[in-house]
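Colleague: I have some questions about the words used for this model. Can we take them one at a time?

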Amino acid sequence: MTIQLEGKKIQDQDQFMVPQTNAFGHNFRDYNNAQSERQKGVEKFYKTQHINQTYDFVKKMREDYTKLDKAKMSIWECCELLNDVVDDSDPDLDEPQIQHLLQSAEAIRKDYPNEDWLHLTALIHDLGKILVLPKFGGLPQWAVVGDTFPLGCSFDESNIHHKYFKENQDFNNSIYNTKNGIYNDFIGLENVMMSWGHDDYMYMVAKENGTTLPSAGLFIIRYHSFYPLHKNGAYKHLMNDEDEENLKWLHVFNKYDLYSKSKVHVNVEEVKPYYMSLIEKYFPAKLRW
């Protein structure tokens, strides 16, 4: 069975075998294993994130980073910078980020050989994590990684560790704490203020630098951490028709993003020529960051 989308086909297939446990031997996205020290660190991370990600904070971050004045470099140069980044919010893996990018991209490439834009989207989807590096602001991890969620409306209970939102200053703000908050039904996710992090930043970088990736690729980059939506179906009342179509591709992507994480490394030099050709196809040689 296939799903037709914007002239492309999404295959309903199972070539990619989903593993039963993550790199630590636990269930994927298991946030409740109190025996794991890493899990305790992840919960502490989400407490800090939920308290500090406010509407005003995100507005300030967007105003600052939309200037794209931190650096000028190629996509591959940015990929190499990710060797210095480990995601503290990830309960499934503690490997350098470039390996996660290549693992997910190679898994998708195997199952969807003709969708080269999807291969490249997988490679670059987490590049925004460079925000933790000093040159790019040295932001704390709670302002860079982790599940994302809308600001300006109530925090849906499907959000991981929802209880910590009670300490967020927006929680009791009557303007923001209703289901719709400042938004109308079907307003479109592009008009919704999302929590600040690597997703929104990389989307901003790609769009402002004139990428020719299709809208589904940009949607994946911007919302791949929006688990309340694509895992639990929350906030769908804010989506428009284009969002609904692009969400189909995000569901495809998410399987590879989540379950391809492994301790088995990809040979970077072996696959680099292929991804360099895709970068040249869809991006300028140098980008403003």
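Modeller: Start with contact: it means heavy atoms within 4.5 Å. Keep in mind that this is a predicted model.

Colleague: With which residues is His-125 in contact, leaving aside its neighbours within four places in sequence?

Modeller: His-125 is in contact with His-100, Leu-101, Ser-104, His-198, Ile-221, His-224, Phe-253 and Asp-257. His-125 itself is found in the loop between α5 (116-124) and β4 (150-151).

Colleague: Why is His-125 called buried?

Modeller: Buried means under 20% relative accessible area. His-125 is at 0%, so the word applies.

Colleague: What makes the pairing of the His-125 and His-100 side chains a polar contact?

Modeller: The cut-off for a pair of N or O atoms is 3.5 Å. The side chains of His-125 and His-100 are joined at 3.4 Å.

Colleague: What does the UniProt record say about these residues?

Modeller: The unreviewed UniProt entry has a "binding site" annotation covering His-100, His-125, Asp-126, His-198, His-224 and Asp-257. Of these residues, His-198 is included in the lining of the second largest cavity. Such annotations may be inferred rather than shown by experiment.

Colleague: Is His-198 buried or exposed?

Modeller: His-198 has a relative accessible area of 2%, against a limit of 20%, so it counts as buried. His-198 lies in helix α6, residues 198-208. Beyond its sequence neighbours within four places, its contacts include His-125, Asp-126 and His-224.

Colleague: Now α10. How do you know that its length agrees with its number of residues?

Modeller: Helix α10 has 15 residues, 268-282. At 1.5 Å a residue, the helix should span 21 Å. Its end C-alpha atoms are 20 Å apart, which agrees.

Colleague: Where is the kink in α10 centred?

Modeller: The kink is centred on Tyr-274 and comes to about 30°.

Colleague: Which residues of α10 are buried?

Modeller: Val-271, Tyr-275, Leu-278, Ile-279 and Tyr-282 are buried. They pack against α3 (75-81), α4 (97-111) and α5. A general point on spacing: an α-helix has 3.6 residues a turn, so residues three or four places apart point the same way.

Colleague: What reaches the backbone nitrogen of Glu-269 at the start of α10?

Modeller: A side-chain oxygen of Asn-267 comes to within 3.2 Å of that nitrogen.

Colleague: And how many helices and strands does the chain have?

Modeller: The chain has ten helices and six strands. Of its 289 residues, 56% count as buried.

Methods: Residues numbered from 1 in each chain as written. Predicted model: local features only at pLDDT ≥ 70, side-chain atom pairs only at ≥ 80, totals over all residues. Heavy atoms only, no water. 1 Å grid on protein atoms, 1.4 Å probe; cavity = no way out; pocket = protein on both sides within 12 Å on 5 of 7 lines; lining within 4 Å. Helix = DSSP H or I, 4+ residues; strand = E, 2+ residues; numbered from the N terminus. Buried < 20%, exposed > 50% of the residue type's maximum accessible area, 1.4 Å probe, protein only. Polar contact = N/O pair within 3.5 Å; in protein donor to acceptor, adjacent residues only side chain to side chain. Expected span 1.5 Å × (residues − 1). Bend = angle between axes of the 7 residues up to and from the residue.
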